[in-house]
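I opened a new notebook page for this model.

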Amino acid sequence: MRYAEFLGYGDIHTKIDEKTGLKAIVAIHNLKRGPAIGGCRMVAYQTIDKAMEDVLRLGYMMSYKAAINNLPHGGAKAVIIKPKVIKDREALFEKFGEFVQELGGRYITAVDSGTSPAEMDIIARRTSFVTCTTASGADSDPSPLTALGVRRAIEAAVKFKLGRDTLDGVHVAIQGAGHVGYYLAQELHALGAKLTMCDINQIALQRCVDEFGVKTCAIDEIYSIDADVFAPCALGAVLNMNTIKTLKAHIVAGSANNQLSHSHYGSLMHERGILYAPDFLINAGGLIHVAVLYGHGDIKKSLEQINNIYDTVYDIYERSSRENVATNQIAEMIARERLR
């Protein structure tokens with residue numbers, strides 16, 4: 001409860017159903033911009049505390065993502081604590097759908113880790129407050145949409161910082177060859193960028209080598225690569241005092257959540273002349289997609305809005321330069337103003 005209060009919640013709802021084995025939490029952070037939207041993940045958490053911490057942290061971040069991208073929604077998240085044995089998957093997700101319906105439209109659910117459009121279809125039998133169903137034309141993997149938003153932010157940064165209108169020949173060091181890292185490499189390679197990548201998963205890394213001809217480096221060497229752009233697309237909290245001192249890139253723009261180990265490291269990068277693209281703004285492609293699908297049922301419209309990340313982040317780069325304030329602080333101020 002102290003953590004929820006610190007993050008500015010909001011509502012926390014729980015549902016336990018012995019018959020289906022459902023144990024679920026819905027954390028609704030903010031409703032001032034409209035009904036809260038956020039994915040439902042089903043994960044085998046070690047403890048209830050871990051599940052609660054996860055849902056609170058994620059719901060809070062969804063509010064900021066929605067606000068900074070000017071979506072007519074508040075932020076929320078749902079977690080289903082995955083049972084060791086699922087007796088009847090359809091019954092479990094139907095019961096979750098009833099739970100969502102009980103909230104009266106204050107929460108709109110969507111896909112996340114451990115769920116897919118197939119589960120959303122089951123949930124839709126019990127509630128209309130759901131998106132990412134197969135009928136909506138949603139894909140189960142939001143990674144390409146997240147990568148698109150990050151690529152647009154990189155293009156804006158390259159234009160602002162380097163004065164270049166294309167990515168042809170721009171050197172990008174990508175940390176992580178997973179889902180988003182792979183699709184970001186695909187996007188950048190198609191536009192002529194030079195790529196260096198690292199990952200602990202050698203199979204995923206080799207796939208990028210084979211398909212895009214990327215160069216590779218050791219995990220701890222990625223920060224010191226003499227690149228134009230550093231793109232963190234793996235773990236969070238990778239930007240700290242030591243790694244920022246090591247960075248040779250002029251721009252940091254990636255998909256990982258919570259990249260700054262502390263918010264004041266944004267100011268450190270600003271002082272060093274490194275242009276930082278705020279993570280919760282540029283990695284919101286998946287959220288934008290599901291929100292627009294829910295509101296309009298139009299995939300083309302969602303792609304248009306994801307492409308608008310270019311203009312949003314460019315305005316923040318300009319304001320940061322004009323006011324001599326770190327980009328992450330500017331983005332957080334805008335989000336907080338909109339949440340009020």
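Which residue in S9 does Val-172 stand opposite? I looked it up: Val-172 faces Val-229. I note at the outset that the model is predicted.

**Entry 1: the parallel sheet**

I followed the strands around that pair. S6 covers residues 171-175 and S9 covers residues 229-232. They pair in the parallel sense, over four bridges. I then traced the whole sheet. It is open and has six strands, in the order S8-S7-S6-S9-S10-S11. The pairing is parallel. I checked the ends next. S8 (215-216) and S11 (275-276) stand at the edges. Each has a single partner strand, so one side of each is left without a neighbour in the sheet.

**Entry 2: the mixed sheet**

I turned to the other sheet on my list. Five strands form an open sheet here, and I read the order as S1-S2-S4-S3-S5. The pairing is mixed. Its edges are S1 (11-17) and S5 (107-110). Each of these has a single partner strand, so one side of each lacks a neighbour in the sheet. From one strand to the next, the twist averages 20°.

I looked at one pairing in detail. S3 (residues 36-43) and S4 (residues 74-81) run parallel, and six bridges join them. What is the bridge partner of Cys-40 in S4? I found Ala-78 there.

H2 (residues 48-68) does, touching S1, S2 (22-28), S3 and S4. The direction of H2 makes about 155° with that of S4. I also looked up H3 (residues 89-102). H3 lies across S1, S2, S3, S4 and S5. Against S2, H3 runs at about 30°.

**Entry 3: H6 and H7**

I moved on to helix pairs. H6 (residues 179-190) and H7 (residues 202-212) pack at about 15°, and their axes are 11 Å apart. Angles under 35 degrees count as roughly parallel. That makes H6 roughly parallel to H7. The crossing of H6 and H7 is right-handed.

Which residues make the contact? On the H6 side I listed Tyr-182, Ala-185, Gln-186 and His-189. On the H7 side I listed Arg-207, Cys-208, Glu-211 and Phe-212. By class, the contact of H6 with H7 has four nonpolar, two polar and two charged residues.

**Entry 4: H12 and its partners**

I took H12 (residues 299-307) with H5 (residues 143-162) to begin. The axes of H5 and H12 come within 9 Å and cross at roughly 35°. From H5, I noted Leu-145, Leu-148, Gly-149 and Arg-152. They meet Leu-303, Ile-306 and Asn-307 of H12. The contact of H5 with H12 divides into four nonpolar, two polar and one charged.

I then checked H11 (residues 285-296) against H12. The packing angle is about 140°, with the axes 8 Å apart. H11 and H12 make a right-handed crossing. H11 brings Gly-285, Ile-288, His-289, Val-292, Leu-293 and His-296 to the contact. H12 brings Ile-299, Lys-301, Ser-302, Gln-305 and Ile-306. The classes in the contact of H11 with H12 are five nonpolar, five polar and one charged. I marked Ile-306 on my list, as it is in the contact with H5 and in the contact with H11.

Most residues other than glycine have a negative phi, and most peptide bonds are trans. I searched for exceptions. Tyr-9 and Gly-10 are joined by a cis peptide bond, with omega about 20°. Gly-10 is in the loop between H1 (2-7) and S1. Cys-132 is not a glycine, yet I read a positive phi of about 70° for this residue. Where is Cys-132 found? I placed Cys-132 in the loop between H4 (117-123) and H5.

**Entry 5: the whole chain**

I finished with the totals. The protein has 14 helices and eleven strands. For 340 residues, a compact globule would have a radius of gyration near 20 Å. I got 20 Å for the protein, which agrees. Along the principal axes, the C-alpha atoms fill a box of roughly 55 × 45 × 40 Å.

Note on methods: Residues are numbered from 1 along each chain as its sequence is written. This is a predicted model: local features need pLDDT of at least 70, side-chain atom pairs count only at pLDDT 80 or more; totals for chains, interfaces and linings use all residues. Side-chain values use heavy atoms; hydrogens and water are left out. Two strands pair if DSSP finds at least two bridges between them. Helices (H or I, at least four residues) and strands (E, at least two) are DSSP runs, numbered from the N terminus. Axes are lines fitted to C-alpha atoms, for helices over the stretch in contact, and angles run from 0 to 180 degrees between N-to-C directions. Contact means heavy atoms within 4.5 Å. Angles under 35 degrees count as roughly parallel, over 145 as roughly antiparallel, 65 to 115 as roughly perpendicular and the rest as oblique. A crossing is left-handed if the near helix is turned anticlockwise from the far one by less than a right angle, and right-handed if clockwise. Ala, Val, Leu, Ile, Met, Phe, Trp, Tyr, Cys and Pro count as nonpolar, Asp, Glu, Lys and Arg as charged, and the others, Gly among them, as polar. The radius of gyration is taken over C-alpha atoms; the globule rule is 2.2 Å times the number of residues to the power 0.38.
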